[in-house]
Amino acid sequence: MSPTVYFFDMDHTLINNDCDVSWKDFLIAHGLAPEDDRREAETFYDQYKRGQLDVPAFMRFQLREFIGRTPGEMAGLCQQHFEEIVRSAIYPAARLEVAKALASGAPVVLLTATNDVIARPLADHLGIATVEATRLAVVDGRFTGDIQGIYCVGEGKLAHARDYCDHQAVDVSTACYYGDAVSDIPLLRAVGYPVVCNPGPELARAAHDNNWPVKRF
């Protein structure tokens, strides 16, 4: 049997980059955020890697520049962020993995903790139609700076995957997931076709203990 769905994480799985950090770098470079945000972004990234992210504080920080702007405005900025930073960070081997998944005929989904507005340009570039990500709240046509629904990380990412599979009338145990983070372990355990990508020591140990295949791009 083959997977019924292919889920791909984004940062450090498809790309050699963390978009939540590079997004702030991009804003700072264009005078849209203060220089001090760079240090704060790194602090939150370190929390994320340790599985100790202060989610409410991170969201207030990360979505500050979205507040009051329209989806059209932010889509333009996120496309520019992709062109300036993300496009060149795509792993060539990851391109091939996505192409093989698309050729299988099964649904292919970009599944990431990063918000869907920042993630969309990469998905479009790779030919991935569906993005399951942290969704942003919009009221009266403008972003509020809040998220809508569940933050797509850890158990939240598993919930997003299960919800997608339910709508496809398949079980998450028949899906494939490519992921790189310790926070991905709940989903890697749930799918029938786990693929660990570019793991750090803790995830590498989990892959060894669970006999999960490892790819290093």
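Searching the whole structure for disulfides, meaning pairs of cysteine sulfur atoms within 2.5 Å, turns up zero. Take Cys-176: it's in no disulfide, and the nearest cysteine sulfur, that of Cys-197, sits 8.7 Å away. Seen from the other end, the closest cysteine sulfur to that of Cys-197 is in Cys-176, and 8.7 Å is too far for a bond. Cys-176 counts as buried because its relative accessibility is 3%; buried here means under 20% relative accessible area, with a 1.4 Å probe and protein chains only. Cys-197 is buried as well, at 0% relative accessibility.

A word on the ground rules: this is a predicted model, where local features need pLDDT of at least 70, side-chain atom pairs count only at pLDDT 80 or more, and totals for chains, interfaces and linings use all residues. Residues are numbered from 1 along each chain as its sequence is written, and side-chain values use heavy atoms, leaving out hydrogens and water.

Now for the helices (DSSP runs of H or I, at least four residues, numbered from the N terminus). Helix α4, residues 71–86, packs against helix α6, residues 116–126, at about 60 degrees, with the axes 8 Å apart. Those axes are lines fitted to C-alpha atoms over the stretch in contact, and angles run from 0 to 180 degrees between N-to-C directions.

Who touches whom, with contact meaning heavy atoms within 4.5 Å? From α4 come Met-74, Ala-75, Cys-78, Gln-79, His-81, Phe-82 and Val-86, meeting Val-117, Ile-118, Pro-121, Leu-122 and His-125 of α6.

Conventions: Helices (H or I, at least four residues) and strands (E, at least two) are DSSP runs, numbered from the N terminus. Contact means heavy atoms within 4.5 Å. Buried means under 20% relative accessible area, exposed over 50%, partly exposed in between (1.4 Å probe, protein chains only).
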